[in-house]
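Here's a quick briefing to read with the model open beside you. Have a look at it first, then work through the notes by topic.

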2 protein chains.
Amino acid sequence: MDHSKTKVFGKTKIRWLINKTSDDWLRLAVSNPMEILLDHAHCERKAAGVALQLMFRYSSEPGLSEVLSPLAREELEHFERVLYILRGRGQSLQKLASPPYASVLAKSIRKEEPKKMLDSFLVAGLIEARSHERMTLLSLHSPDHELRTLYTDLLKSEAKHFGIYWKLADERFDRNILISRLEELAKVESDALVELHHEPRMHS
Amino acid sequence: MDHSKTKVFGKTKIRWLINKTSDDWLRLAVSNPMEILLDHAHCERKAAGVALQLMFRYSSEPGLSEVLSPLAREELEHFERVLYILRGRGQSLQKLASPPYASVLAKSIRKEEPKKMLDSFLVAGLIEARSHERMTLLSLHSPDHELRTLYTDLLKSEAKHFGIYWKLADERFDRNILISRLEELAKVESDALVELHHEPRMHS
């Protein structure tokens with residue numbers, strides 16, 4: 001398994017994740033499957049929200065809505081599937097306190113355009129890459145068969161999401177600027193996870 | 001054709017639209033098909049945005065995400081279909097100035113809960129009902145065959161959207177309060193359209 005989510009685009013190797021997820025997180029996650037599942041539902045909903053927010057902010061950007069609208073639909077499909085499993089286990093959707101992860105990353109998005117657009121793509125891609133890495137771990141190590149199947153199924157389509165955000169950035173920004181900014185943001189992303197959050201979350 | 005969008009729920013007749021759309025609007029719309037189509041793309045995107053916004057605001061409300069997530073996906077599918085037709089005609093998605101309609105309705109949503117929830121459902125339902133009425137007109141009167149087909153196809157699923165918002169409200173609020181508030185908001189909705197907006201829009 002490739003924890004670093006290294007992808008090759010042409011001759012360029014793209015490395016999203018600097019640190020791989022700790023065994024401590026995995027232990028916490030697999031011993032709290034329902035809380036992780038509930039948080040995962042919220043993550044899918046939020047991922048759809050991010051795609052839609054970008055579609056609103058850059059509503060006249062050529063080629064953007066064409067890829068983000070299907071991505072948002074896919075996240076919502078996953079959300080509904082997780083909701084269905086939750087309901088089958090007598091659990092309804094309820095609010096969960098968020099770990100600091102997403103807000104730390106959001107603060108790293110620069111305010112002025114076009115840097116804001118670049119950072120937004122990269123931060124969304126980083127979150128997708130981390131989700132993908134952790135869903136892979138859950139698909140392998142969840143003691144529960146239904147959950148292993150769920151995560152395995154979702155992985156298949158989640159795998160292309162960080163590639164979509166990379167492509168959106170790569171089509172619009174100089175490759176060197178892009179890679180150097182990704183390195184900076186990937187550092188922020190990995191640092192945000194160094195200390196294990198006390199509550200079990202997808203991004204704790 | 002039932003312009004008033006009267007629906008019967010049990011013994012209760014629900015009337016969404018007080019005034020039917022004027023011939024002036026229809027004339028303006030059919031003579032500006034591309035601008036209406038572009039605006040329609042934005043309307044589908046915004047309708048998905050409204051559903052998702054409600055899913056965020058009421059994320060632990062039982063039975064809400066279960067119906068609004070598929071609705072949002074359907075709006076996004078329609079958005080993509082309109083985008084495809086626009087592209088086929090050499091037109092890309094670009095910003096359009098919005099008519100005052102949606103913001104007038106948004107201002108009528110009361111600030112405090114649970115009134116805010118009730119008003120949000122009814123306003124969303126009213127906008128869906130008006131869209132449905134106007135898409136019906138366009139499906140009948142557009143001179144362009146491809147557009148008549150488009151609007152006819154979209155109508156089939158759009159028809160149930162205002163019913164979804166009605167049901168969300170009806171499951172949570174007293175029927176008498178609901179009907180009396182719908183009458184007030186339906187008046188705001190119809191009044192917002194009395195004067196024809198100078199630019200051709202779905203809700204002008």
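## Pockets, rings and a few residues

Helix 2, helix 4 and helix 5 of chain A each supply at least two residues to the lining of the second largest pocket. Helices here are DSSP runs of H or I with at least four residues, strands are E runs of at least two, and both are numbered from the N terminus. Keep in mind that this is a predicted model, where local features need pLDDT of at least 70, side-chain atom pairs count only at pLDDT 80 or more, and totals for chains, interfaces and linings use all residues. As for bookkeeping, residues are numbered from 1 along each chain as its sequence is written, chains are lettered from A and ligands numbered from 1 in the order in which they are written, and side-chain values use heavy atoms, with hydrogens and water left out.

**Second largest pocket**

- This pocket has a volume of about 690 Å³; a pocket is an open set of points on a 1 Å grid over the protein atoms alone, where a 1.4 Å probe fits, with protein on both sides within 12 Å along at least five of seven lines.
- Its lining takes in 28 residues, and A:K46, A:V50, A:A102, A:V123 and A:I127 are the closest to the centre; a lining residue has an atom within 4 Å of a point.
- For the volume, grid points are joined across faces, edges and corners, and the space counted is what probe spheres set on the points fill.
- Helix 2 of chain A gives the most to this lining, with ten residues.
- By class, the lining of the second largest pocket splits into 14 nonpolar, seven polar and seven charged residues; Ala, Val, Leu, Ile, Met, Phe, Trp, Tyr, Cys and Pro count as nonpolar, Asp, Glu, Lys and Arg as charged, and the others, Gly among them, as polar.

**Largest pocket**

- The largest pocket comes in at about 870 Å³.
- It's lined by 37 residues, and B:K46, B:A47, B:G49, B:V50 and B:I127 are the closest to its centre.
- Both chains are involved: helix 2 (33-57) of chain A, plus helix 2 (33-57), helix 4 and helix 5 of chain B, each supply at least two lining residues.
- Helix 2 of chain B gives the most to the lining of the largest pocket, with 13 residues.

**Aromatic pairs**

- Over all chains there are four aromatic pairs; rings of Phe, Tyr and Trp (its six-membered ring) pair if their centres lie within 6.5 Å, and planes under 30 degrees apart count as stacked, over 60 as edge-to-face and the rest as tilted.
- A:W16 and A:W166 make an edge-to-face pair, because their ring planes sit at 85 degrees, with the centres 6.2 Å apart.
- That pair links distant parts of chain A: A:W16 is in the loop between strand 2 (12-15) and helix 1 (23-30), while A:W166 is in helix 7 (residues 161-170), 150 residues apart.
- A:W16 has 1% relative accessibility, so it counts as buried, and A:W166 is buried too, at 0%; buried means under 20% relative accessible area, exposed over 50%, and partly exposed in between (1.4 Å probe, protein chains only).
- In chain B, B:W16 and B:F162 are also edge-to-face, at 6.0 Å centre to centre and 75 degrees between the planes.
- B:W16 sits in the loop between strand 2 (12-15) and helix 1 (23-30) of chain B and B:F162 in helix 7 (residues 161-170), 146 residues apart.
- B:W16 and B:F162 are both buried.
- Back in chain A, ring pairs tie A:W16, A:F162 and A:W166 into a cluster.

**Charges over rings**

- A:R45 lies over the face of B:F56, 4.4 Å from the ring centre; the rule asks for NZ of Lys or CZ of Arg within 6 Å of the ring centre and within 35 degrees of the ring normal.
- B:R134 lies over the face of B:W25, at 4.3 Å from the ring centre.

**Two buried residues**

- A:E80, in helix 3 (residues 65-88) of chain A, is buried at a relative accessible area of 18%.
- Leaving aside neighbours within four places in sequence, A:E80 is in contact (heavy atoms within 4.5 Å) with B:S69, B:P70 and B:R73.
- B:M135 lies in helix 5 of chain B and counts as buried at 1% relative accessibility.
- Beyond its neighbours within four places in sequence, B:M135 has contacts including B:H40, B:Y151 and B:M202.
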